[in-house]
Amino acid sequence: MAPANTGAKKQKKKWSKGKVKDKAQHAVILDKATSDKLYKDVQSYRLITVATLVDRLKINGSLARRCLADLEEKGQIKKIVGHSKLQIYTRAVAAAE
């Protein structure tokens, strides 16, 4: 009679511990300083997406989408691509006559 195998199978050793990224604490509401920076600086960006606003202004994605819609409504930026997953905007330049 063979002895019962009581131990679990030995797993292969992991050499990589994996990299841990710190969770970002982005703002969920606009304060005065962020609002001023939004309306002053964003007009000068050539490529404006949700990701650029999140990265540069340290705001969360839903707030960035609201800001982009507001800026487009005011005519400060212009939409180039309106896909369901990614909206791409650029600065609104006045037509040279």
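Biologist: What is the relative accessible area of Asp-36, and how should I read that value?

Modeller: In this predicted model, Asp-36 has a relative accessible area of 39%. Since exposed means over 50% and buried means under 20%, with partly exposed in between, Asp-36 counts as partly exposed.

Biologist: Which side chain meets that of Asp-36 in a salt bridge?

Modeller: As a general idea, side chains of opposite charge can pair when their charged atoms come close. In this structure, the side chain of Asp-36 meets that of Lys-32 in a salt bridge, at 3.4 Å from N to O. Lys-32 itself is exposed, with a relative accessible area of 63%.

Biologist: Where do Lys-32 and Asp-36 lie?

Modeller: Both belong to helix α1, which covers residues 32-41, and they are four residues apart, about one turn of the helix.

Biologist: How many salt bridges does the structure hold?

Modeller: The structure holds three salt bridges. One of them joins the side chains of Lys-40 and Asp-41, at 3.5 Å from N to O, and another joins those of Asp-70 and Lys-74, at 3.6 Å from N to O.

Biologist: Are Lys-40 and Asp-41 buried, partly exposed or exposed?

Modeller: Lys-40 is exposed, with a relative accessible area of 61%, whereas Asp-41 is partly exposed, at 22% relative accessibility.

Biologist: What is the relative accessible area of Asp-70?

Modeller: Asp-70, whose side chain meets that of Lys-74, has a relative accessible area of 24% and is therefore read as partly exposed, because that class lies between the 20% and 50% cut-offs.

Notes: Residues numbered from 1 in each chain as written. Predicted model: local features only at pLDDT ≥ 70, side-chain atom pairs only at ≥ 80, totals over all residues. Heavy atoms only, no water. Salt bridge = Lys/Arg side-chain N within 4 Å of Asp/Glu carboxyl O. Helix = DSSP H or I, 4+ residues; strand = E, 2+ residues; numbered from the N terminus. Buried < 20%, exposed > 50% of the residue type's maximum accessible area, 1.4 Å probe, protein only.
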